[in-house]
Amino acid sequence: MTIIYISLGSNLNDPIYQIKSTLIELDKIPQTKRIITSRFYITQPYGFKNQPNFINIAVEMDTKLSPESFLHFVKIIESKKGRVRNKERWGPRNIDIDIMLFGNLIINTDCLTIPHYDMVNRNFMLLPLTQIAPNITLPNNGKLIKSILDKLDISTIRILNL
């Protein structure tokens with residue numbers, strides 16, 4: 001089994017519902033078990049600013065799947081939830097599922113980059129991640145996630161009490 005960390009985000013069509021229903025779908029992935037789910041965070045859009053705020057969470061899972069197989073299931077879930085990938089990056093979406101870390105693997109292929117290529121700049125990924133795994137380090141540089149987050153502005157992020 002391999003411990004993995006994923007990030008979920010939504011800002012369309014009842015984002016809380018989108019996240020909760022995606023968690024149910026993630027629980028159906030074979031040979032995979034959800035371990036810990038972070039609190040829900042309200043975050044400002046990244047990149048394209050003229051859109052609704054996001055709801056973001058981080059999830060720790062344990063899987064026997066390969067990174068490519070897990071990614072296949074993620075793409076199916078995103079598609080079922082109405083995710084359309086187009087040239088516009090960072091736009092509004094029903095659901096976005098990103099694999100942040102997959103054990104200690106470092107992967108850089110056309111379809112998969114682990115650790116997530118830009119997670120060190122994304123407070124909306126790192127804050128939920130540090131809530132569930134405060135002492136985790138990046139396998140590619142050994143840096144503590146918490147120390148990376150300390151350098152980012154988290155003043156606009158709010159916890160959503162459900």
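Analyst: Buried means under 20% relative accessible area, exposed over 50%, partly exposed in between (1.4 Å probe, protein chains only). This is a predicted model: local features need pLDDT of at least 70, side-chain atom pairs pLDDT 80 or more, while totals for chains, interfaces and linings use all residues. Residues are numbered from 1 along each chain as its sequence is written, and side-chain values use heavy atoms, without hydrogens and water.

User: Which residues point opposite to Phe40 and Ile42 in strand β3, and are they buried or exposed?

Analyst: Strand β3 covers residues 40-43; strands are DSSP runs (E, at least two residues), numbered from the N terminus. Phe40 and Ile42 point one way, and all four residues are buried. Pointing the other way, also buried, are Tyr41 and Thr43.

User: Which residue in β8 stands opposite Ile42?

Analyst: Strand β8 spans residues 158-160 and runs antiparallel to β3. The two are joined by 3 bridges; pairing takes at least two by DSSP. Across from Ile42 stands Arg158.

User: Which residue in β4 stands opposite Thr43?

Analyst: Strand β4, residues 54-63, also has 3 bridges to β3. These strands run antiparallel. Facing Thr43 is Phe54.

User: Why does Ser7 count as buried?

Analyst: Ser7 sits in strand β1, residues 2-10. Ser7 counts as buried because its relative accessibility is 3%.

User: Which residues does Ser7 touch, leaving out those up to four places away in sequence?

Analyst: Contact means heavy atoms within 4.5 Å. Sequence neighbours up to four places away are not counted. That leaves Ile57, Asp96, Ile97, Asp98, Met100 and Met125.
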